[in-house]
Amino acid sequence: MHALVVYFSRFGNTRQVAEAVAATLGTAGSVRVLSMDQLTVSDMRNVDLVVMGAPTHRMSLPKEVGPVFKTLPKHILRGIPVAAFDTSYKMSALLARFTAAKKLTGKLRKLEGKQIVPPETFHVVGREGPLYDGEIERAREWAGLILKRSEAQSPLRTRGNTP
Ligand SMILES: Cc1cc2nc3c(=O)[nH]c(=O)nc-3n(C[C@H](O)[C@H](O)[C@H](O)COP(=O)(O)O)c2cc1C
C-alpha cells in the first residue's frame with residue numbers, strides 16, 4: 001500500500017498529528033508525508049490512500065489551503081480511499097460542527113475520493129498548542145481504523161495477491 005499524508009500547519013500541532021497518523025499507516029506499507037505547499041499533482045497519482053489534515057481557522061479551512069486544491073485535476077482521486085482531520089480548540093457542540101476536517105472531506109470527495117471514515121478533530125489547548133494529552137495516541141488509533149477500512153476497500157491489493 002502507498003499512502004500519502006498531506007497537512008497544513010502553522011504552529012506544528014497538525015504536523016505532529018500527521019506524523020503520528022503516518023507512523024501507523026507505515027506499518028502496512030509505504031507512506032509519504034508532505035506539507036500542503038510541497039504537494040504536486042504527481043504526488044497524488046498512484047496512491048492507495050490519501051489522508052489530509054489542517055487546523056480549523058475561523059470555523060473553516062485556513063486560507064492557504066483552498067488554492068492548493070485549485071491546482072489538482074478534477075478526478076484525480078477517483079475511487080481512492082480518503083480521510084481528513086483537523087486540529088482545533090475544544091468547542092461547544094454547536095461550534096464544533098464547523099471544522100476544517102469537514103471542509104477537507106468535502107474537497108477530497110469533490111476530487112472523487114472515497115470517504116472511509118468520518119472527519120476527525122484533535123484538540124489543542126491554545127492557539128499555538130500544545131495538543132491535549134492523549135491526542136497523539138488517539139491519532140494513532142484513528143489511523144488504525146483508516147487502515148482497517150482501506151483494507152476492506154481493496155482486500156486483494158493490500159493482501160498482496162495482485163501481480
Ligand atoms: C487565524 C486563526 C483562526 C482560528 N480559528 C479557530 C476557530 O475558528 N476554531 C477553533 O477551534 N480554533 C481556531 N484557531 C485555533 C487553531 O485551530 C489552532 O491554532 C491550530 O489547531 C493549531 O494547529 P497548528 O499548530 O497546526 O497550526 C484559529 C487559529 C488561528 C491562527
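Guide: Residues are numbered from 1 along each chain as its sequence is written. Because the model is predicted, local features need pLDDT of at least 70 and side-chain atom pairs count only at pLDDT 80 or more, while totals for chains, interfaces and linings use all residues.

Visitor: How many residues of strand β3 are buried?

Guide: Helices (H or I, at least four residues) and strands (E, at least two) are DSSP runs, numbered from the N terminus. A residue is buried if 20 or more other C-beta atoms lie within 10 Å of its own, exposed if 12 or fewer, and partly exposed in between, with C-beta atoms placed from the backbone. Leu-49, Val-51, Gly-53 and Pro-55 point one way from β3, whereas Val-50, Met-52 and Ala-54 point the other way, and all are buried. Strand β3 (residues 49-55) is therefore mostly covered, and the number of buried residues is 7 of 7.

Visitor: Which residue of β3 is the bridge partner of Tyr-7?

Guide: Two strands pair if DSSP finds at least two bridges between them. Strand β1 (residues 2-7) pairs with β3 in the parallel sense over 5 bridges. Within β3, the bridge partner of Tyr-7 is Gly-53.

Visitor: Which residue of β4 is the bridge partner of Pro-55?

Guide: β3 also runs parallel to strand β4 (residues 81-88), to which 6 bridges join it. On the β4 side, the bridge partner of Pro-55 is Thr-87.

Visitor: Which residue of β2 stands opposite Tyr-7?

Guide: Of the 6 residues of β1, 5 are buried, so this strand is largely enclosed by the rest of the structure. β1 pairs with β2 in the parallel sense over 6 bridges. In β2, the residue opposite Tyr-7 is Ser-35.

Visitor: Is Gly-12 buried or exposed?

Guide: Gly-12 is found in the loop between β1 and α1. From C-alpha to C-alpha, Gly-12 is 23 Å from Ile-146 in space, and the two are 134 residues apart in sequence. Because Gly-12 has 11 C-beta neighbours inside 10 Å, this residue counts as exposed.

Visitor: At what angle do the axes of α1 and α4 cross, and what does that make α1 relative to α4?

Guide: Axes are lines fitted to C-alpha atoms, for helices over the stretch in contact, and angles run from 0 to 180 degrees between N-to-C directions. The axes of helix α1 (residues 13-25) and helix α4 (residues 135-153) come within 8 Å and cross at roughly 45°.

Visitor: Which residues of α4 make the contact with α1?

Guide: Two residues are in contact if their C-beta atoms, placed from the backbone, lie within 7 Å. From α1, the contact is made by Gln-16, Val-17, Ala-20, Val-21, Thr-24 and Leu-25. From α4, the contributors are Ile-136, Ala-139, Arg-140, Trp-142, Ala-143, Gly-144 and Leu-147.

Visitor: With which residues is Arg-15 in contact, leaving aside its neighbours within four places in sequence?

Guide: Arg-15 is found in helix α1. Arg-15 counts as partly exposed because it has 17 C-beta neighbours inside 10 Å. Leaving aside neighbours within four places in sequence, the contacts of Arg-15 are Tyr-7 and Ser-9.

Visitor: Where is Glu-112 found, and what is its phi?

Guide: Most residues other than glycine have a negative phi, and most peptide bonds are trans. Glu-112 is found in the loop between α3 (100-110) and β5 (114-115). With 14 other C-beta atoms within 10 Å, Glu-112 is partly exposed. Although it is not a glycine, Glu-112 has a positive phi of about 75°.

Visitor: What is the phi of Asn-46?

Guide: Asn-46 lies in the loop between β2 (30-35) and β3. Asn-46 counts as exposed because 9 C-beta neighbours lie inside 10 Å. Asn-46 is not a glycine, yet its phi is positive, at about 55°.

Visitor: What is the omega of the peptide bond from Gly-129 to Pro-130?

Guide: Pro-130 is found in the loop between β6 (120-123) and α4. The peptide bond from Gly-129 to Pro-130 is cis, with omega near -5°.
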